[in-house]
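Colleague: I am new to this structure. Could you take me through it, one feature at a time?

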Amino acid sequence: MQISLRQSLFRTLLGGIFIASLLIVAGVWKSANNLVKQNISQDIAVTEKVLHRLIEDRQAIIKNVSNVLLRSYDFRQAVGTADLPSIQTALESYASRINSDVIALVNLDHTIVASHSALFKPGETLEASTALVAKGYESGFFLINDTLIQLNLYKVEIPTLRYYMIIGVEFDETLLQELKNLVDAEIIITNITDNMPIASTLSPEQVESVLTSDPTPSWVDVTFKQKNTYISREVSLVSMSELPVRITIAVDVSDAFQAFTNIQLSILVLTLVAVLVALGFSMLLARNVSSSVSNLVKAVNRVAGGEYGATLDKPSKLREISELASAVDSMQESIQHREKHIRYQAQHDVLTGLFNRNYVEGYFDGKMSENVNLQVVAITIIGFRTTNDLYGYSNGDNTLKALATRLLRWPGTSARLAGGEILYITDTALDENQLETLKHILEQPVESNLISIPVKVAMAVVSCPQDATNSEELFRKVNIVTDEAIHSNAWCVHYRPELEAKYVRRLTITTELKRALSSNQSELSMVYQPKIDLSTMKVCSMEALIRWNNDTLGFVPPDEFITIAEQAALIEQVTTWVMQQTIADLSYFRQKGYGFTVAMNLSTQDIQNKPLLDKLVSMLTDAALSPDALELEITESDLVADASLAIENLNSLTSRGFHFAIDDFGTGYSSLAYLKNLPVDTIKIDKSFILSLATDDNDKQIVHTVLGLASAFDLKVVAEGVEDEISLNILKEWGCDIAQGFFISRPLAKDALEEWLENSPLGE
């Protein structure tokens, strides 16, 4: 249910006034209440101190008078001669002088010799005296025949200790009444065992009410509930370790709380008057504000309906309303411009001016609903992140702008998705020649800030509605085809259903390989293929090869998952695992007495990874192996891709004692010209030239030439792929150094390799 602005303002002001009033009343009430309680607590504390002081002063008077008696010659002579009548007379005279209730003389056995009290009879043993002497106290409180007595003990020495004089004061109603008159408070003495009253300045009914009620009643209890009006507190009169009774002081607080109630009533009346006055002003203010706002709302509604003009017919007296009206007038002038700008930003990429993903989604779905045939070309700038890193983000942005300008010259709809990804949609399909022309135009170098920036693109083509009928499906398939174009190094790839399975397999291999590397399992394993020295026909080395049998994918060829590992940044983890397993197996065979070396394959990424190579050296050191126990193989294409960097990295590793071999030689540039600068010891002729060596004259010519050139460069040659005896003999005759292949042995696991070494005539 909606309410008017006037009602809202009135309710808000009323609520604020009411809350403020409550807070003021509550604050004053709390402060006054705390002040009353604080004053009462101070009164009780003062009363307690006065009570203590009265008792201490009375005890001091008794002690001073007692000293006079104890020094009296007549009293000392009477005690010394055991003159009981004289002692009794002295005690009675002394009791009347100090107004004492109890006075007695006891011997060292604490037997009463003479007494001026009905509580103490001559001949009885006084336990109180025994307790005082035992604890070394001069004074203490005792409960004797339901009477609280403060006893003072003084030594009678004539000249040595002969007796104790006991002087006491009974805490009866008379004494308590005197104390009440002095401290202006009620005093209650109760037995500590059963809490029964012994003496009090109150009536029995009042005593029971004080002892059973809340010792600190609140203002509400006293004012409205007519409860007990006493605040009570138990006090301690420490003379001995503990009192045999409880002493409670009670102060009547009814007068104090009555004064507090009067203050509250006065404050409440004043608050109500203030609230009524404030309400009047609130109603007036609410009416003025709501009237102006109502007029402003009507004017805004006119603007919303397209009727532009002055917002307010009559200026408002309120400055804020006038300013708001001026703001609405200014808003009218910019609404159309802002709407146009917002619509543009919602549909376009800010950097390039092309459409954005949101627009393309709506555009494509609209065309599909009209059953229009479209060709979608996803254009990806290869290495766009590298362009930003090498040339800077400013030049990278200029590259994108240049490509957008070139693409806008072609009929169709263009959009930038993200980064270096651009989408081109046309209802007139481009053939291969047109696509290649477009690629050639887009790959022209971009001139930016006096720098010529090379551009390389890959295209993914999806035909719709044959391949995709909605935007979600389109973008999914565009990602699949783009991924294939990038990983296959093809400049243009058209969507085919089998690409989805290939894409899913690539993702599955990546996921499963991460799991295999991060968990303790037996999916990954190493096998070793023997190499024999053709001069001795004995094994001289092994090539370490990784194998992967996955529970989900089955056997995954190394060429497949190693390539994916390099693309997914997993190659370092794979190489680390291979290093650990290979070095562990090599150490095992060294302990068995075998001296062959092991050849291990490294990628270009591995050679450029100095921390990884440092880790390799550390592993060899921990296994008590030297770097020459390993031979590191790198493919010819990796070396030729960046010969200068390869030379730098290989020289660094060679200085550490490593030996290098070029793997798959002849499949790259088929040239030995660059070998003179590379620190390599061995080349491996690719098996494609060896498999048909016995029957193919061209392969014979190639292999013979490579062997001759290798000899000229003083390089060892390994022929891989030897699968028959004829090829083996040809290689041996032509001076090849080392051979490997299925004719010699297939790759073997560690246990099978150990058995082969023991049983084969080619073993050590």
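This is a predicted model: local features need pLDDT of at least 70, side-chain atom pairs count only at pLDDT 80 or more; totals for chains, interfaces and linings use all residues.

Colleague: How many helices and strands does the chain have?

Modeller: Both are DSSP runs, numbered from the N terminus: helices are H or I with at least four residues, strands are E with at least two. The chain has 25 strands, and its helices number 24.

Colleague: What percentage of the 764 residues is buried?

Modeller: Buried means under 20% relative accessible area, exposed means over 50%, and partly exposed lies in between (1.4 Å probe, protein chains only). For the 764 residues of the chain, the buried part is 43%.

Colleague: Is Glu-186 buried or exposed?

Modeller: Glu-186 is found in strand β6, residues 186–191. Contact means heavy atoms within 4.5 Å. Leaving aside neighbours within four places in sequence, Glu-186 has contacts that include Lys-180, Tyr-230 and Ile-249. Its relative accessible area is 10%, so Glu-186 is buried.

Colleague: Which kind of aromatic pair do Tyr-359 and Tyr-363 form?

Modeller: Rings of Phe, Tyr and Trp (its six-membered ring) pair if their centres lie within 6.5 Å; planes under 30 degrees apart are stacked, over 60 edge-to-face, and the rest tilted. The whole structure holds seven aromatic pairs. In this one, the centres are 6.0 Å apart and the planes 20 degrees apart, and the pair of Tyr-359 and Tyr-363 is stacked.

Colleague: Why are Tyr-359 and Tyr-363 separated by about one helical turn?

Modeller: Both residues sit in helix α10, residues 357–369. Because they are four residues apart there, Tyr-359 and Tyr-363 are separated by about one helical turn.

Colleague: Which residues do ring pairs link into a cluster with Phe-589?

Modeller: Phe-589 is buried, and Phe-596 is buried too. Ring pairs join Phe-589 in a cluster with Tyr-588, Tyr-594 and Phe-596.

Colleague: Which charged residue sits over the ring of Tyr-588?

Modeller: A charge sits over a ring if NZ of Lys or CZ of Arg is within 6 Å of the ring centre and within 35 degrees of the ring normal. Over Tyr-588, the charged end is 4.5 Å from the ring centre, and it belongs to Lys-750.

Colleague: Which helix gives the largest share of the lining of the largest pocket?

Modeller: On a 1 Å grid over the protein atoms alone, a pocket is an open set of points with protein on both sides within 12 Å along at least five of seven lines; lining residues have an atom within 4 Å of a point. The largest pocket has 41 lining residues, and among those nearest its centre are Leu-545 and Asp-663. The largest share, six residues, comes from helix α16.

Colleague: Where is the cis peptide bond that involves Pro-465?

Modeller: Pro-465 lies in the loop between β15 (457–464) and α14 (471–488). Omega is about 10 degrees for the cis bond, which joins Pro-465 to Cys-464.

Colleague: What is the phi of Ala-624?

Modeller: Ala-624 is in the loop between α19 (610–622) and β21 (630–635). Its relative accessibility is 71%, so Ala-624 counts as exposed. Although Ala-624 is not a glycine, its phi is positive, at about 60 degrees.

Notes:
Residues are numbered from 1 along each chain as its sequence is written. Side-chain values use heavy atoms; hydrogens and water are left out. On a 1 Å grid over the protein atoms alone, a cavity is a set of points where a 1.4 Å probe fits but cannot get out, and a pocket is an open set with protein on both sides within 12 Å along at least five of seven lines; lining residues have an atom within 4 Å of a point.
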